[in-house]
Each structure stands twice: as C-alpha cells, then as structure tokens.
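Trainee: I have a structure to look at and would like to learn how to read it. Could you take me through it feature by feature?

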Amino acid sequence: MRRLNKEILYEIKALYRDDFRVTGYRFGKGEKSVCILGSLRGNEFQQIYVCSQIIRKLLELEKKGRIREGKEILVIPCGNPYSVNTKKRFWTVDNTDINRMFPGYSLGETTQRIAAGIFEKVKDYKYGIQFASFYMPGNFVPQVRMMKTGAENVALAKQFGLPYVVLHKPRPFDTATLNYNWQVWETNAFSIYTTSTSAVDKASAKQALDAVLNFLSKQDIIQYQGYEGYISRVVEGKDFVDVRAEHAGFLEQYAAAGEKVEKGQKLAEIRAPYTAGLLQVISAPVSGTVAFVHNEAMAYQNTAVYKLIPEADEI
Amino acid sequence: MAAQFENFEISEKKRQRSLKILKYWRERMIEQIETIAETELPVDERLKISRYRLMPDGSNVEELERQGRRIGIVTGIHGDELEGQYVCYELGRRIKEEASALCGIVDIYPAMNPFGIDNITRGIPAFDLDMNRLFPGNRNGDMNEYIAAEILKDMKGMALCMDIHASNIFLTEVPQIRINELHKERLLPIAEKANVDLVWVHGASTVLEATFAYSLNDSGVDALVVEMGVGMRITKSYGNQLTDGIFSLMKELGIWSGKVPEVRKPVISNDEKGEDVYYLNARTSGIFLKEKEHGSMVAKGERIGIIVNPLGGEILEEVEAPGDGWLFTIREYPVVDEGSLVGRILKGV
C-alpha cells in the first residue's frame with residue numbers, strides 16, 4: 001500500500017501539551033494546483049470529516065494514476081488541533097480566532113504566527129478551498145460562498161455543482177480571513193458550507209466530496225467522472241431573507257435546510273419556556289429555499305432563526 | 001480643653017453648613033439611571049444596558065448638547081476588563097461631592113457587556129463574539145447587533161466619549177490613550193489633556209473599523225480609547241489619575257466649573273508606520289517571570305524577564321530589551337506560548 005505523503009507544515013513546541021502541529025497531505029507533484037483546508041476552529045468537526053473523505057478518495061485516485069501529471073494537491077484537515085482537542089472554538093489561551101489573523105505575522109502573537117505559518121504553505125496555489133462555519137449554530141443548504149473583492153470568479157464557483165453560489169460584500173473583519181487573503185494573493189478562493197459544523201452530517205459531507213472532485217476534474221487536476229451535481233444558482237448574500245424570532249424561548253423548527261417553502265408556510269414556533277404557551281408562529285415571508293436554520297433548542301430575541309433564499313422572481 | 005471644644009463647635013458648624021450647601025445643590029442635580037437598550041432572554045430575564053446620568057436640574061438636554069456640554073464614560077465592552085468600574089464609581093462620587101460645579105451632562109455607562117462581566121469573559125458569552133467588533137450594529141439584526149446599534153444611538157449628541165479598557169488579562173499597561181491615525185488631528189489635542197502617561201497614535205486597520213470608538217469617531221462624536229492596568233483587577237491609582245483627567249476634560253468642555261488638578265504631559269508616540277515600538281514576543285512556550293515593572297526605563301540588552309520550564313527547572317529564554325526605551329507594557333499572566341506578547345518598549349524615550 002502506498003504511504004501517505006504526510007507533512008508537518010507548521011509546528012509550535014508547547015510546555016505541557018504535545019507539540020502543536022498543522023499537518024498536510026500532498027498528492028501529485030508539480031504546479032501548486034489546489035489547496036483544501038478543513039477546520040480552523042475547535043468545533044468544526046464536519047470540516048475535518050469532509051477532508052478525511054477527500055484524502056481517502058485522493059489516495060485511491062493517486063494509486064490509480066488519476067492525478068494529472070504536473071499537478072499538486074495539498075489537503076490540510078485541521079489548522080487548529082489544540083482547540084479541537086479541548087472543545088474550544090477559538091485559540092486555547094487567548095480565545096483569538098486564527099481565521100481573523102490572516103495573512104498572519106511570523107514575529108507576532110501565537111495565532112498570528114500560526115496563520116502566517118499556514119498562509120506561507122497555502123498562498124501560492126491556483127485554487128483554494130476552505131470548509132468554513134458560521135458563528136451562529138445552525139444547518140446550511142450546501143453552498144459555495146465568495147467575497148466580492150473584485151477578484152472573485154463566479155463561473156469557477158459554479159463548477160462545484162453545489163445548489164448555490166453565494167456572493168457577499170466583505171465586512172471589516174472579513175479582511176483578516178483566509179478566504180479574503182487568498183484572493184488578495186491571487187488564489188481563486190472558495191468557502192464551502194456543508195450542512196453541519198459540530199455534528200457530522202454524512203450526506204452533505206458526501207455532497208461536498210463530490211463537489212470538490214467534480215471541481216478538480218473540471219480544472220483538469222484529476223481524472224474523474226462522478227456525480228455532476230447541480231447547476232448552481234448565484235445569489236447575493238444581501239438578498240437572503242432573515243426570519244427572526246420576535247420573542248426568546250423554546251424554538252421548534254418545522255422546515256430543514258435545503259427545503260423549499262411557500263410564502264406563509266409555518267417554519268417554526270416559539271414557546272414560553274415555563275408555561276409552553278405559544279409566543280410566536282414563525283412563517284415564511286416569501287417563497288424560497290431554506291438556506292440556514294438555527295439548530296438550538298432555545299432562541300434569543302431577534303435571532304435570525306431562518307435565512308431564506310427567495311424564488312428568483314421575488315428578488 | 002475649652003478652646004478645643006470651641007474649635008470643634010466652629011468646625012462642626014462649618015461642616016453642617018457645607019452639608020446643607022451640598023444638599024441644596026444635590027437636590028438641584030438630576031441623577032437618572034435609565035435603560036438605553038434591552039432585549040428579552042429565553043428564561044425569566046431581560047438583558048439591559050444602563051446609563052447613569054448626572055446633570056443640573058432644570059437644564060435642557062438638547063441645549064446642553066448643542067453647547068457641547070455632554071460627556072460619556074463607557075466601559076465594560078470587554079467583560080473581564082474592570083479598571084473602568086472604579087473610574088465610573090469615582091467620577092459619580094466626586095460629582096456628587098461638589099454638585100454645584102456641574103454645568104453639563106455626564107453619562108456613565110459602566111457595563112456595555114453585562115453578560116461578559118458576569119461571566120468573567122472578554123467577549124459576549126453564549127455567542128463567543130467580541131463586542132468591540134460589532135459596531136455600528138444593526139437595529140434589525142440579532143440581539144447583539146441590535147444592542148450595539150442602540151448603544152451607538154444613545155451616544156449621539158455627545159461632545160466627547162471615553163471608552164475605558166484594561167488591556168486584557170495578560171498584559172499590564174501604563175495609562176494611555178490609543179488613537180487611530182485617521183482621527184489624529186481631531187483627537188490628539190484632546191487626548192493630551194486627559195492626564196494619561198502615553199498617547200499612542202497607531203496605523204489604521206480595516207479590522208478596527210468595527211470598534212465602538214471607530215464608529216463614534218466616524219459618526220462625528222469624538223471618542224478616545226483608554227487602556228490602563230490589567231484585566232480582572234482594579235488599580236486605584238490609575239483610576240484616580242484618569243478620573244482627574246476626565247474632570248480636566250469636563251472643565252475644557254464647560255461641563256465642570258470646579259477646581260481640577262493640573263494634568264501631566266503625556267509621551268506622544270506618532271507610530272502610524274508601526275516603527276516606534278519594540279514588541280517582545282516569547283520565542284518559546286513556558287512560564288514567564290517578569291523582572292521589570294511596566295513604566296520602567298530599560299537599556300538595550302537589559303533583562304526584562306525570563307521564561308522558565310518548571311518541568312526540569314531550567315531557563316528556556318532570557319527576554320532582553322532589543323533597544324533603549326520605556327517599557328510601557330509588561331506581561332502579567334505567566335503562561336506563554338511561542339509568540340505570546342511579553343512586553344512593549346517605546347523606542348528612544
């Protein structure tokens with residue numbers, strides 16, 4: 001059996017813990033074609049899982065000689081094992097977010113150094129794919145998200161064959177994310193959201209695996225014929241319709257991520273936490289598809305418990 | 001004995017008289033505690049952001065605002081930074097001691113992030129968000145965005161706002177004001193009168209555009225960011241120093257007619273290019289033992305502290321000053337990772 005081309009990309013010596021390591025897996029040799037990154041945060045289990053599926057498949061394809069000559073693929077399942085192992089979303093000591101530290105600074109603080117160490121290894125690739133997560137816990141319809149930096153390539157994003165390509169305007173803090181900096185350094189960067197984050201969702205992980213293989217095949221990086229996927233619909237993030245909880249309380253969801261809903265359809269109920277009295281029936285204000293659903297038992301007031309992608313004629 | 005008794009009588013009379021005067025003015029000063037933003041929480045509680053307002057009775061808020069006689073003191077955006085708690089208390093206490101000298105509005109907001117203060121947490125617990133990256137907020141957004149927007153709305157009309165931070169739980173700082181280079185022209189002359197030891201003008205950064213102070217300055221309200229002391233602790237001497245500075249600024253703005261102490265002249269660092277400061281980052285993970293206090297002058301090669309390994313009893317690194325200067329930041333929290341900041345030195349002071 002062929003040995004995995006495993007490499008330590010960045011390392012920090014620790015005092016009492018095992019050393020902090022960012023490990024990458026390389027496939028093929030030659031032009032830096034695509035870099036795929038999984039988790040940067042401690043709760044991104046699905047993101048690691050998807051990468052593990054990609055690594056397994058690429059190993060199989062490499063064995064069959066199906067990685068194109070002169071193309072190199074790098075997969076980094078996790079950029080932050082310390083936080084994953086202690087179940088903390090951000091950096092263990094100071095709670096900083098590695099994905100707010102790019103392009104990093106090799107002489108700076110710890111997470112700036114980690115970001116710099118990772119960025120040094122990922123910045124020269126033609127394509128960059130990151131499995132990302134949202135700060136609010138919830139489930140997504142699988143989508144490719146791109147920031148509108150002027151360098152985004154929508155036609156390429158559609159080649160993943162995921163149901164949606166979502167474009168959004170960068171906010172101030174986005175300028176320190178990997179995706180943004182990849183684009184600044186002229187990598188075609190894509191953030192992929194599968195359905196879940198801290199729970200493994202095998203169906204959407206499979207969809208993400210297919211999407212990545214589909215994309216690599218279309219860029220002639222691998223030789224592969226698989227599931228073609230969807231003809232992606234391109235949506236602007238600003239056109240998403242937020243459906244909010246007017247009251248705080250128990251949240252009972254009736255529609256799942258990816259489900260088509262009609263205007264007026266019941267999406268959820270909010271009930272009083274002590275008496276079970278009905279506080280609000282949350283209905284769809286437009287017909288469309290559920291892009292995001294908040295998946296916690298209790299909702300805070302004003303929480304966007306659903307985000308809908310309206311039918312094209314409603315935008 | 002008789003003479004002493006007589007003196008006592010006189011001083012007691014004086015005391016009673018001054019108490020009477022104080023009572024008279026206090027009765028003519030309005031003290032209001034109001035909720036400026038609130039939201040419902042899931043179980044039997046509301047999240048409320050409170051404002052403590054002091055102003056002379058009978059005054060018109062709009063009129064005082066038009067005259068530039070309203071100041072805001074804000075703290076607790078980071079829940080584990082408590083230095084501002086003392087300043088808020090002391091400011092209110094001193095104003096009430098001399099209520100006759102108040103001729104404007106003083107708005108005190110001691111807890112912008114009550115969840116954070118309650119949970120000893122820098123960010124907003126439950127959401128793991130840094131509140132100082134949420135501004136200007138959004139009235140139609142989620143709970144935190146809504147609160148941020150409502151807070152900002154309440155600042156409208158202020159002549160000056162001071163946002164008091166305490167570095168973080170890791171670092172101790174000399175009292176200082178930090179100014180974004182974009183707002184230097186407007187803010188530097190004000191900051192110089194705030195009785196701090198250092199005014200640090202730093203380069204602009206897109207990430208900082210989501211801070212409370214940036215949003216205020218952007219909207220036309222002058223806002224100064226104060227950093228002093230250390231997280232989770234109160235340094236009363238710094239609190240008193242800054243409170244003196246606030247009174248001095250209040251006098252400038254026509255909010256206070258009482259006597260104010262003379263303010264110190266701060267060191268000004270025009271560090272827009274980021275070349276004025278040596279950053280001392282740990283080269284190794286370990287336990288940092290400081291040997292110099294913040295505020296010390298240090299010479300090139302002088303030892304600031306050591307990083308040790310208790311598992312083996314050895315020194316892993318000697319942290320030395322890379323050049324002469326003023327150690328205005330020192331690490332308080334002993335555990336360091338490779339890269340952790342252990343100190344900052346202002347060059348050539």
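Mentor: Gladly. Let's begin with a term: a residue counts as buried when its relative accessible area is under 20%, as exposed when it is over 50%, and as partly exposed in between. Keep in mind that this is a predicted model.

Trainee: With that cut-off, what share of the 315 residues of chain A count as buried?

Mentor: In chain A, 54% of the 315 residues count as buried. The chain exposes about 13,300 Å², and carbon and sulfur atoms supply 49% of that area.

Trainee: How many helices and strands does chain A have?

Mentor: Chain A has 6 helices and 18 strands.

Trainee: And how does the radius of gyration of chain A agree with that of a compact globule?

Mentor: A compact globule with 315 residues would have a radius of gyration near 20 Å, and chain A has 20 Å, so the two agree. Along the principal axes, the C-alpha atoms of chain A fill a box of roughly 60 × 50 × 40 Å.

Trainee: Next, contacts. Among those in chain A between residues at least 6 apart in sequence, what percentage join residues at least 24 apart?

Mentor: The value is 69%. Leaving aside neighbours within four places in sequence, A:Thr23 is in contact with A:Lys6, A:Glu7, A:Leu9, A:Val75, A:Ile76, A:Pro77 and A:Cys78.

Trainee: Is A:Thr23 buried or exposed?

Mentor: A:Thr23 counts as buried, because its relative accessibility is 16%.

Trainee: Let's turn to the backbone. Is the peptide bond from A:Phe102 to A:Pro103 cis or trans?

Mentor: That bond is cis, with omega near 10°. A:Pro103 sits in the loop between helix H2 (81-85) and helix H3 (110-122) of chain A. In chain B, a cis peptide bond joins B:Phe135 and B:Pro136, where omega is about 10°. B:Pro136 belongs to the loop between helix H4 (114-119) and helix H5 (143-155) of chain B.

Trainee: Phi is another backbone angle. Is phi of B:Ser167 positive or negative?

Mentor: Phi of B:Ser167 is positive, about 60°, although this residue is not a glycine. You will find B:Ser167 in the loop between strand E5 (160-165) and strand E6 (171-180) of chain B. B:Met232, also not a glycine, has a positive phi near 65°. Its loop runs between strand E8 (222-229) and helix H8 (236-253) of chain B.

Trainee: Which relative accessible area does B:Ser167 have?

Mentor: B:Ser167 has 8%, so it is buried. B:Met232 counts as partly exposed because its relative accessibility is 32%.

Trainee: How is chain B divided into domains?

Mentor: The domain assignment gives domain 1 (21-271) and domain 2 (277-347) of chain B. The contact takes 16 residues from domain 1 and 14 residues from domain 2 of chain B. The C-alpha centres of these two domains lie 31 Å apart.

Trainee: Lastly, which residues does A:Gly108 touch?

Mentor: Not counting residues up to four places away in sequence, A:Gly108 touches A:Arg113, B:Asn281 and B:Gly339. A:Gly108 is found in the loop between H2 and H3 of chain A. With a relative accessible area of 3%, A:Gly108 is buried.

Note on methods
Residues are numbered from 1 along each chain as its sequence is written. Chains are lettered from A and ligands numbered from 1 in the order in which they are written. This is a predicted model: local features need pLDDT of at least 70, side-chain atom pairs count only at pLDDT 80 or more; totals for chains, interfaces and linings use all residues. Side-chain values use heavy atoms; hydrogens and water are left out. Helices (H or I, at least four residues) and strands (E, at least two) are DSSP runs, numbered from the N terminus. The radius of gyration is taken over C-alpha atoms; the globule rule is 2.2 Å times the number of residues to the power 0.38. Buried means under 20% relative accessible area, exposed over 50%, partly exposed in between (1.4 Å probe, protein chains only). Contact means heavy atoms within 4.5 Å. Accessible areas come from the Shrake-Rupley method with a 1.4 Å probe; for residues, only the protein chains shown count as cover. Domain bounds come from an automatic or database domain assignment.
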